[in-house]
Amino acid sequence: MSEKNKIVVQRFNQQVITEGKRQAFEDLVADSFINHSAPAGTANDRESFWRTFTLILRPALTDLQVSIEQQIAEGEWVTTRKTLTGVHSGELLGVAATGKNVAIAVIDMVRIVDGQYVEHWGVNTLAQVVSQLKQG
């Protein structure tokens, strides 16, 4: 099961984050999904998770890519250390495009049931990246 779950996470990163495929998101994220890492005071449901990629990251970063550096899986859980890279070509959390290359480090932990994401926890360096972009 652990190896199959790693493949689910790899597919999510490629097809949903990199390629922006809604059908892959529908296939890979359960209706009951909970994002435990959503910012305080914001929605933590399935649709808000989709909007993270389609309204925040993909419009702001041209050539968005995900490089998976490491994955560890046990039972229903997959932990992934990865880097999201792209060119800051659109507004990112209030910061106008700079044309700079950015790299966002991420560690996330996903619980997968029946081939779908049901829970997510994660930490990332997006806030630091935005701060650096503001400084020029």
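How do the residues of the lining of the largest pocket divide into nonpolar, polar and charged? The structure is a predicted model, in which local features need pLDDT of at least 70, side-chain atom pairs count only at pLDDT 80 or more, and totals for chains, interfaces and linings use all residues. Residues are numbered from 1 along each chain as its sequence is written, and side-chain values use heavy atoms, with hydrogens and water left out.

The lining comprises 19 nonpolar, 9 polar and 2 charged residues, where Ala, Val, Leu, Ile, Met, Phe, Trp, Tyr, Cys and Pro count as nonpolar, Asp, Glu, Lys and Arg as charged, and the others, Gly among them, as polar. A pocket is an open set of points on a 1 Å grid over the protein atoms alone, where a 1.4 Å probe fits, with protein on both sides within 12 Å along at least five of seven lines; lining residues have an atom within 4 Å of a point. Of its 30 lining residues, Asn 35, Ser 37, Thr 52, Asn 124 and Leu 126 lie nearest the centre. Helix α3 gives the largest share, 6 residues; helices (H or I, at least four residues) and strands (E, at least two) are DSSP runs, numbered from the N terminus.

Asp 63, in strand β2, has a positive phi of about 60° although it is not a glycine.
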